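Student: I have a new structure to look at. Can you put it up and walk me through it?

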Protein chains: 2
Amino acid sequence: MALIVQKFGGTSVGSIDRIRNVARRALATAAQGHEVVVIVSAMSGETNRLLKLAHEVTQIPDAREMDVIAATGEQVSAALCAMAIQAEGGKARSLLGHQVKILTDGAFTKARIKAIEGSKIFSTVKKGAIAVVAGFQGVDENGDITTLGRGGSDTTAVAVAAAIGADACEIFTDVDGVYTTDPNVCPSARKISKISYEEMLELASLGAKVLQIRSVEIAMKYGVPVHVRSSFSDAEGTWVTKEDQSLEDVVVTGVAYDKNEARVVVTGVEDKPGIVAELFGAIAEKNVSVDMIIQSPAIASGPNGAGEGRTDVAFTVLKTDLARAKPFIDEVARSLEATSVRYDEGIAKVSIVGLGMRSHAGVAAKMFRILAKEGINISAISTSEIKVSCLVADKYTELAVRALHDGFGLSDAV
Amino acid sequence: MALIVQKFGGTSVGSIDRIRNVARRALATAAQGHEVVVIVSAMSGETNRLLKLAHEVTQIPDAREMDVIAATGEQVSAALCAMAIQAEGGKARSLLGHQVKILTDGAFTKARIKAIEGSKIFSTVKKGAIAVVAGFQGVDENGDITTLGRGGSDTTAVAVAAAIGADACEIFTDVDGVYTTDPNVCPSARKISKISYEEMLELASLGAKVLQIRSVEIAMKYGVPVHVRSSFSDAEGTWVTKEDQSLEDVVVTGVAYDKNEARVVVTGVEDKPGIVAELFGAIAEKNVSVDMIIQSPAIASGPNGAGEGRTDVAFTVLKTDLARAKPFIDEVARSLEATSVRYDEGIAKVSIVGLGMRSHAGVAAKMFRILAKEGINISAISTSEIKVSCLVADKYTELAVRALHDGFGLSDAV
């Protein structure tokens with residue numbers, strides 16, 4: 001007998017029929033002798049309907065009140081799901097964030113979980129009932145309702161699984177697992193049967209949005225085995241677990257890409273201590289996230305580029321932040337007496353991820369060779385222990401992904 | 001400076017525009033220097049939408065889960081209302097049943113309030129904010145969400161007013177007060193400016209459904225002055241308060257009628273102790289409410305009626321309960337060896353209510369004379385200290401109401 005947490009997203013509970021399917025699946029798991037905790041999102045479309053209602057009242061709704069409204073989406077689906085389990089002859093009880101209780105900080109609309117009491121969940125499953133927990137929501141120390149931000153139900157699921165020491169956390173979604181790359185870009189992409197938390201983190205942050213990055217962090221921290229699988233079939237999906245020996249045989253596990261970033265190049269900045277800190281300090285102050293940072297006199301130094309004692313700094317920011325960021329980047333650049341600031345939205349980031357890189361030399365070099373062979377120029381490189389990312393012109397994105405996927409042997413049948 | 005509770009029903013918060021009106025009204029009261037607590041119902045139609053959703057899952061939804069869903073209606077309107085107050089430049093915080101907290105028994109879908117903690121409401125108003133409390137909902141000792149049943153927001157309002165020692169509880173509704181009788185039946189009906197709790201109780205139970213009967217009971221118990229008034233105007237409505245000297249000048253305060261009851265006559269029942277108890281015990285067991293009860297050999301004893309040592313028992317039940325009640329009333333009648341059971345749905349109950357009856361003799365006799373003068377036959381009579389009710393053929397209802405309203409001087413200009 002195992003203790004299993006099963007999370008169903010908005011699409012999986014998007015209609016009464018689908019809620020019935022959720023009920024049947026949870027009951028099937030219980031019928032195998034397991035104790036089952038179900039985590040549900042709001043019915044798809046419901047959160048948007050509620051947000052719209054709030055925005056009809058006021059352009060900038062109070063965050064505390066916004067959470068009171070948003071939390072009703074999961075409240076309804078949790079109770080409907082409990083009813084559906086009962087209708088199929090099973091026992092079930094819904095549990096809300098404040099009932100569980102899922103204690104968070106007080107950062108409304110983007111709260112972080114601080115602690116989870118497991119006793120109500122335990123007492124429910126010990127009575128032979130399925131506990132249906134409303135995802136996405138919690139309660140702060142004042143008893144105010146909070147929400148975890150979009151996609152927060154994944155986080156609820158993994159955090160609950162960690163808190164109650166579940167044997168597995170199953171994330172049911174509309175894809176059947178994590179793929180070696182985007183199947184829409186590369187038809188030979190394969191489902192990965194097992195991936196480490198570390199690799200999943202790199203893939204998630206790079207755009208493979210199967211699983212919320214925060215939930216992976218929690219799973220890694222507490223060693224929760226996560227099983228990402230399809231709501232619509234019984235096939236095994238992808239297990240996200242601790243790395244083990246077998247994983248290291250593969251050098252590259254997946255190829256990711258991200259078209260959401262823009263490149264900023266600040267040229268001719270004085271090359272002395274503190275200047276770069278000043279630049280990025282100013283940017284961080286405005287809540288603009290910076291991803292890649294490359295400082296080198298060799299990069300992008302044209303006629304107006306870095307001269308003696310001067311350097312160029314390149315970095316990427318989200319395209320959605322760019323309009324807002326431009327004025328103060330320009331301002332900081334002026335105050336640093338930079339020669340120029342250039343913005344480039346026509347770029348994409350292509351990355352290879354794999355634990356095997358740590359023990360295999362020359363992976364980055366192989367990546368550059370593969371791209372060069374296709375005539376793709378690399379405008380920036382950034383590396384971590386298990387990842388290499390290259391900025392390329394965005395028109396080459398798909399070509400680069402397919403070439404890397406083939407070149408690292410990911411297209412081969414297993 | 002006073003502490004004022006203002007309750008707004010489903011129609012009053014039925015759209016974003018109406019919610020804005022609620023916000024303005026609460027702020028206007030606050031601007032007069034008062035501390036304001038607002039109680040809101042769900043937006044009109046919302047509770048039905050939620051019930052329908054639950055009934056799509058299962059014919060007989062679990063009561064506990066039903067309350068989890070139903071409570072979201074008030075949760076949303078409380079937060080929207082708080083936002084609307086903020087949008088008008090005021091301070092406000094929504095408070096849910098479990099946050100206040102409004103402690104109830106565990107009778108889901110029809111819970112009764114056991115206690116209300118005032119501290120969260122006090123701390124909110126002491127900070128200069130308007131507390132917007134979700135009506136209709138509470139929490140039981142296990143932390144489970146409960147609801148008070150339809151119209152429960154009136155009860156929340158009066159109970160909160162009692163708990164925090166409010167100076168007044170204003171019930172905003174779509175009528176502008178309590179009338180001497182139904183204006184649709186009797187065009188000369190007048191708004192009553194002041195009525196006692198006791199009279200209101202008799203009028204409410206008789207069908208003047210301006211105010212939930214349970215809320216009047218609580219108001220009476222704790223002496224909360226209740227002001228029933230229109231959401232759509234600033235005019236004074238009707239104050240429901242302790243009786244005072246001035247009230248006693250009026251013999252009859254109002255005329256009510258009720259077409260929802262059916263008459264049952266059980267004839268030829270053995271006239272010995274315990275028989276009647278057995279009959280009504282059996283009916284009560286099936287959760288059928290009985291209103292008027294008249295036991296007399298004189299009533300309805302025709303050829304098959306009561307003989308020597310036998311009696312007839314007549315009573316009224318809700319028409320909506322009749323189909324369900326018939327089989328076991330027949331069965332009990334058989335086991336009591338009654339001669340026959342007759343059912344009559346073509347009746348109505350007409351009542352006069354007034355504190356003054358206690359000190360004025362002959363009020364009932366005057367009522368009978370007025371009805372007789374119109375040729376209306378009375379098929380049953382029941383009296384309390386401040387009320388006389390007569391069963392008449394339902395086709396005479398409107399005639400009887402108008403005749404009594406005129407006959408007791410209620411149509412005269414004040």
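Student: What share of the contacts in chain A with a separation of 6 or more comes from residues 24 or more positions apart?
Tutor: That share is 75%. Contact here means heavy atoms within 4.5 Å.

Student: What am I looking at, and how is it labelled?
Tutor: This is a predicted model, where local features need pLDDT of at least 70, side-chain atom pairs count only at pLDDT 80 or more, and totals for chains, interfaces and linings use all residues. Residues are numbered from 1 along each chain as its sequence is written, chains are lettered from A and ligands numbered from 1 in the order in which they are written, and side-chain values use heavy atoms, with hydrogens and water left out.

Student: How many residues of chain A are there, and what percentage count as buried?
Tutor: Chain A has 414 residues, and 54% count as buried, meaning under 20% relative accessible area with a 1.4 Å probe, protein chains only.

Student: Which domains does chain A have?
Tutor: Domain 1 covers 3-173 and domain 2 covers 244-409, with bounds from an automatic or database domain assignment. Their centres, taken over C-alpha atoms, are 38 Å apart.

Student: Now chain B. What rotation superposes chain B on chain A?
Tutor: A rotation of 179° does it, with 0.0 Å of shift along the axis and an RMSD of 0.2 Å.

Student: Which C-alpha in chain B is nearest the axis?
Tutor: That of B:Thr72, 2.9 Å from the axis.

Student: Why do the copies meet through the same surface?
Tutor: Because 100% of the interface residues of chain B are also interface residues in chain A.

Notes. Copies are superposed by least squares on the C-alpha atoms of residues with pLDDT of at least 70 in both. Buried means under 20% relative accessible area, exposed over 50%, partly exposed in between (1.4 Å probe, protein chains only).
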